[in-house]
Amino acid sequence: KKRVKMKQYVVTRPLYSEDAFADEHEKIHRHHKTLRHHVKQYFTCDLKRAKNAALSLLPFIGWMRIYQLKEWLLSDIVSGVSTGLVAVLQGLAYSLLASLPPWYGLFTAFFPVIVYFFLGTSRHISVGAFPVLSLMVGAVVTRLVPDEGPPVNITGFEGLTIDEQRVMVAASVTFLMGIMQLAMGLLQVGFIVMYLSDTLVSGFTTAAAVHILVSQLKFVLGLVVPGLSGPLSIVYTLEKIFVQIEKTNVCDLVTSILIMVVVFIVKEINDRYKAKLPVPIPIEVIMTVIACGVSYAFNFRVNYKVDVVGRIPVGYESPMGPNMQIFGQTAVEAFPMAIVGFAVAFSVAKVYSVKHDYIIDGNQELIAFGASNIIGAAFKSFAASTALSRSAVQESTGGKTQIAGLLSALIVMVVTLAIGFLLEPLPKSVLGAVVIVNLKGMLMQIREVPYLWRRDRPDCVVWVVTCLASILLGLDLGLAVGLGIELLTVVFRAQFPRCSVLANITGTDIYKDRKDYMSIYEPEGVKIFRIPSPIFFANIDFFRGKLVEAVGFNPLRVLRKRNKALRTIRKLLKKGELQMTSKGLLLISSGPIEESEDESNMEELDQPTDFKDLPVQVNWNSELPANIHVPRVDVHSLILDFSAVSFLDISALKGLKAALKELIRVEVEVYIVACDAYILKKLHSCMFFDDEVKSSMFFLTLHDAMLHILEKHPVDSENTKVCEKVSEPETKF
């Protein structure tokens with residue numbers, strides 16, 4: 001085989017410890033701002049900051065200034081009309097998930113969109129009802145106002161119908177959700193979405209899709225099933241469905257199956273030929289119009305006992321304030337709703353911002369959705385986020401800005417004010433079928449499980465546990481369980497990192513795990529230990545255990561054995577049973593001598609070995625008199641690779657110092673390499689160094705430390721294979 005010629009480089013420089021490098025290279029003194037300075041700067045206002053704040057709070061000003069009327073307007077109009085038609089249909093369908101009359105979905109497709117137009121930073125997402133959020137709202141609604149039995153005792157329910165009570169609950173929990181989102185945005189905590197990993201969101205939305213599927217079965221089958229919430233509600237719902245399965249309305253079932261088959265096939269065609277189609281075929285809208293016409297022509301409601309949308313009131317209802325008593329009843333559910341709504345919307349917005357090269361602001365998005373939900377709730381809409389399919393329609397049909405969203409809201413307004421009556425004959429089974437067929441994307445996420453199992457099992461556990469917990473316990477508790485499992489995996493990864501012993505790759509200045517390579521060089525008596533994670537209170541004991549395992553002995557045990565041996569030697573010398581000769585210490589007693597068992601002062605055994613009062617310094621690796629046995633220490637130098645250590649806490653500092661002292665006291669030279677400057681500064685400020693643990697043990701690179709060791713402990717040059725080109729001539733090895 002033809003060998004590819006590798007590029008080479010040669011470096012000649014001094015051998016640097018951290019102290020030597022600091023002496024030779026003067027650092028720039030940087031003045032760090034104090035907390036007082038940051039607070040003062042935050043509250044200082046000038047013209048530039050006021051202008052930036054206005055542009056930040058009202059992002060539409062920024063893109064309106066660069067709006068290209070001729071190039072973008074037509075695309076936005078086409079996109080707005082297409083998205084508006086889909087928004088009408090999804091608004092009606094997702095209202096059923098929220099256990100509300102269908103027309104309230106039209107309010108959710110109007111008011112939040114108008115507010116987001118002014119405050120949102122994404123130009124492409126379609127704001128409105130999102131099935132997962134709608135289902136979470138529905139769980140709260142059915143808990144406080146169940147289908148069977150009296151509602152929860154709440155002031156303000158008196159004199160209201162069951163639908164009006166449910167609207168009050170949905171609006172109030174949406175208002176509270178908006179307050180939480182707005183507060184998080186004002187407090188600049190948009191980063192909270194980072195704690196919801198893609199794996200967790202995937203498992204959660206898959207479980208939500210299962211809940212949505214089950215919740216729509218009653219419409220598809222034409223059955224009367226009360227809405228349930230809480231742990232195992234999905235099991236009880238399925239039980240109630242199968243108990244009365246023989247009462248299935250055949251007309252509803254046939255209509256739903258027909259709708260699902262046609263919509264599924266056309267959606268597949270849209271996906272396959274999306275490059276050739278100018279706009280996706282709006283098959284849901286087409287089938288809805290056909291279903292409305294057929295239902296009206298054959299009078300499905302009377303002749304076949306089909307449950308239809310029914311009367312849709314013309315116009316908007318007067319605004320309503322939230323019920324404070326409901327706030328107290330729904331606060332636990334409102335918080336996960338606020339997080340999920342923002343997380344989904346932000347993730348979709350991020351995809352489109354990257355695709356179209358503009359910036360979105362997470363904190364401003366929180367403010368936008370918070371204000372949208374607060375104002376929308378005042379006008380009796382329910383929780384708004386963004387639906388993936390609706391946003392895809394808005395972007396794929398050529399939408400350039402939120403002008404398209406504004407136009408989609410106008411389409412919804414036209415339906416609400418003028419032509420809503422045309423949708424009155426629409427069977428609810430059609431809406432259920434449309435919801436189910438749009439679950440394909442979320443349900444197919446289950447295909448991620450085999451991939452995760454092969455590639456990252458902790459992530460696979462997060463996905464499976466989140467999904468199962470959300471299915472069985474409900475979406476709110478399931479999300480909490482999933483988040484807990486996710487944080488546990490992070491803790492375990494950091495608490496039990498994969499430490500390794502490194503060796504030199506022959507002929508280079510590169511060091512790798514000695515288990516992974518054949519051509520390696522390990523100088524006798526030298527160990528290189530790599531820690532691939534931060535060291536903190538939870539993993540310091542694990543780190544020390546792995547360090548003992550790597551060097552092959554317990555330094556504290558060795559130190560205690562040596563000090564006990566010294567006690568024995570001193571006693572023998574004092575009794576005259578041990579004498580100093582030209583060959584060293586010689587035992588002259590013929591009786592059996594036992595090792596000292598004096599444990600009166602255990603603290604002395606942990607102190608450095610003290611050879612005062614002895615005529616000679618003991619070589620611990622040689623044969624000792626009086627049958628004294630001390631474990632051999634074959635390691636003279638230990639290098640700790642800190643290149644992957646990002647921080648140390650106080651507990652870790654204490655544990656690390658204790659470990660270093662134990663090694664130093666058994667005559668092992670310890671070197672720490674590639675330590676972050678921040679950590680080194682912290683060590684100095686925390687009084688880490690003393691007479692035993694010195695700053696001279698820190699070296700700039702691993703190879704610098706190795707060269708230094710080989711200068712102090714020369715090895716047979718014939719067996720040395722480390723690259724000579726990277727070191728100075730006098731330190732070649």
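Helices α9 and α16 (residues 362-378) pack at an angle of about 155 degrees, with their axes 7 Å apart. Axes here are lines fitted to C-alpha atoms, for helices over the stretch in contact, and angles run from 0 to 180 degrees between N-to-C directions. The two helices α9 and α16 are therefore roughly antiparallel (under 35 degrees counts as roughly parallel, over 145 as roughly antiparallel, 65 to 115 as roughly perpendicular, the rest as oblique). Their crossing is left-handed, a term for a near helix turned anticlockwise from the far one by less than a right angle, with clockwise giving right-handed. Residues of α9 that meet α16 include Ala171, Phe175 and Leu182. On the α16 side, Leu366, Phe369 and Ile374 are among them. Contact means heavy atoms within 4.5 Å.

This is a predicted model, in which local features need pLDDT of at least 70, side-chain atom pairs count only at pLDDT 80 or more, and totals for chains, interfaces and linings use all residues. Residues are numbered from 1 along each chain as its sequence is written, and side-chain values use heavy atoms, leaving out hydrogens and water. Helices (H or I, at least four residues) and strands (E, at least two) are DSSP runs, numbered from the N terminus.

Now look at α10 (residues 198-221). Its axis lies 10 Å from that of α11 (residues 233-243), at an angle of about 20 degrees. That makes α10 roughly parallel to α11. The crossing is left-handed. Val210, His211, Val214, Leu217 and Leu221 of α10 meet Ile234, Thr237, Leu238 and Ile241 of α11. An α-helix has 3.6 residues a turn, so residues three or four places apart point the same way.

Helix α10 also packs with α8, at an angle of about 65 degrees and with the axes 10 Å apart. From α8, the contact uses Pro131, Val132, Leu135 and Met136. From α10, Phe204, Ala208, His211, Ile212 and Ser215 take part. This crossing of α8 and α10 is left-handed too.

Ile154 sits in the loop between α8 (131-144) and α9 (162-186). Its relative accessibility is 2%, so Ile154 counts as buried (under 20% relative accessible area is buried, over 50% exposed, in between partly exposed, with a 1.4 Å probe and protein chains only). Beyond four places in sequence, Ile154 touches Leu144, Asn323, Gln325, Ile326 and Gln329.

Ser79 belongs to helix α5 (residues 69-97). Ser79 is buried, at 0% relative accessible area. Its contacts beyond four places in sequence include Val393, Thr397 and Ala404.

Ser637 lies in strand β9 and is buried, also at 0%. Its side chain makes a polar contact with the side chain of His636 at 2.8 Å. A polar contact is a pair of N or O atoms within 3.5 Å; within protein, one must be able to donate a hydrogen and the other to accept it, and residues adjacent in sequence count only if both atoms are side-chain atoms.

Helix α27 (residues 650-665) has 16 residues. Among its buried residues are Leu653, Leu656, Leu660 and Leu663. At its start, a side-chain oxygen of Asp649 reaches to within 3.4 Å of the backbone nitrogen of Ser651. Just after α27, Glu667 takes a positive phi of about 70 degrees.

Definitions and conventions: Expected span 1.5 Å × (residues − 1).
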